[in-house]
Amino acid sequence: MPPLPQIVAPNLRVSVQPLEPQAFAPFGTVIQNPEHASSKTDAGAYDVVSANQGSALKYLDVTHMANHYDVAPSGKPAKVVMNMFVCSPRQLDNVTAVQRSGLGSTNGASSAFSVRILERHPFTPQTFVPTGLCAADKSTQYLVIVAPTRQASPGSAGDTTLPYPPHRPVRRRSITSILSRSRGDQTSDSKDKLPVTGFPATGPQRPKGIEEPDLSQLKAFIADGSQSVTYGPGTWHAPMVVLGASSVDFVVVQYANGVALEDCQEVAVAPKSGAQGLQVIIDQFDLDQKWIEKARL
C-alpha cells in the first residue's frame, strides 16, 4: 500500500467543547433527543408527530443522507451501506503546564490526544450511532474531531497538493437538481424524487471541494451516549476517538460505490521535527481520572 499524502501540522493545541448542534453545524449534524439539549437554541428545528398509539414521539428527518456520487469522477453509482466499527479507547499523552498555557483552566493534570490522521468521504454523509453507551456514564465518552476544507487560493482553479480526483465535470446541472436527485434513501441512478420535509434548519450539506484540511480551524467536541453524529459530505475528521474504560460499538451508515478514493480519502498529519504537532486537550471536563491514568500507559 502506498504511503498516505502528508501535510505538516502546526504546533497547535485545541481545547475540547461540548457537542452541541449549532457549534457543530458547519461540519454536519448532531442527532439527539431535543428534550435533552442544553438549550432551546440547540434543540433543533425538527417536525414531531405522535406515534405508536400515542406512546412515542417521532422526530422527522433528524439527519441528511444525501447522495452526491453522481458527480464523482468514475460515474459509478453508490448504494447505502451499514457497517459496525468496534472502537477501542485511545492512548493519551501527558501535557505540561507550559503546553496547556492559553487554553484556560483545567481540572488537574492535563492529557491530550495527538491528531496524526484525518479522512473525509467526499460524496456522502457518514452517520455514527453509538450502541450500548449510557449517556450518564462518564467513564466512557468519545471525541469528534473535525476540520474545514482549506479555501482555494484566488486563481488556483481548485488546485491541490493532495493526489485526489476532482469532481467529474459532466451533465451541467444546478445544485438544486443535484440535491433533489440525491435526497432520500436511494442510489444515484434512481429516477424517483422523494419529497423532503422537516429537515433541521441547517439543511443538507454539499460536498466541500478538493482542498486539504485547514488545521488552524480544527475543532474538537466531546459526546456522550445520548448523541450520534453525521459528518457532512467532504468533512475532514479524525477516525473515532473513544475515551474511557471500554470499547464502543458504532453503527455507521453512508453511501459507497467501491471506488477507493471516492469512498474515503486520508491524509497523514505530521508534526515538525522535535515538535508536538496537533494535540487535542481533553480533560477540562469532569471525567473519570481512573481511565485517564490508564489511557496514558
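Analyst: The open sheet has five strands in the order 3-13-10-16-6, paired antiparallel. Strands here are DSSP runs (E, at least two residues), numbered from the N terminus, and two strands pair if DSSP finds at least two bridges between them. This is a predicted model: local features need pLDDT of at least 70, side-chain atom pairs count only at pLDDT 80 or more, and totals for chains, interfaces and linings use all residues. Residues are numbered from 1 along each chain as its sequence is written, and side-chain values use heavy atoms, with hydrogens and water left out.

At the edges of the sheet are strand 3 (28–31) and strand 6 (79–87); each has a single partner strand, so one side of each lacks a neighbour in the sheet. From one strand to the next the twist averages 20°, with axes fitted as lines to C-alpha atoms and angles running from 0 to 180 degrees between N-to-C directions. Strand 6 pairs with strand 16 (residues 248–256) in the antiparallel sense over nine bridges. Val81 has Gln254 of strand 16 opposite it.

Turning to the cores, the largest nonpolar core has 24 residues, and Leu118, Leu143, Ile145, Leu218, Leu278 and Val280 have the most contacts inside it. Such a core is a set of buried Ala, Val, Leu, Ile, Met, Phe, Trp, Tyr and Cys residues joined through side-chain atoms within 4.5 Å; buried means under 20% relative accessible area (1.4 Å probe, protein chains only). Strand 11 gives the most to this core, three residues. A second, separate core of 19 residues includes Val30, Leu133, Ala223 and Val229.

Notes: Buried means under 20% relative accessible area, exposed over 50%, partly exposed in between (1.4 Å probe, protein chains only). Helices (H or I, at least four residues) and strands (E, at least two) are DSSP runs, numbered from the N terminus.
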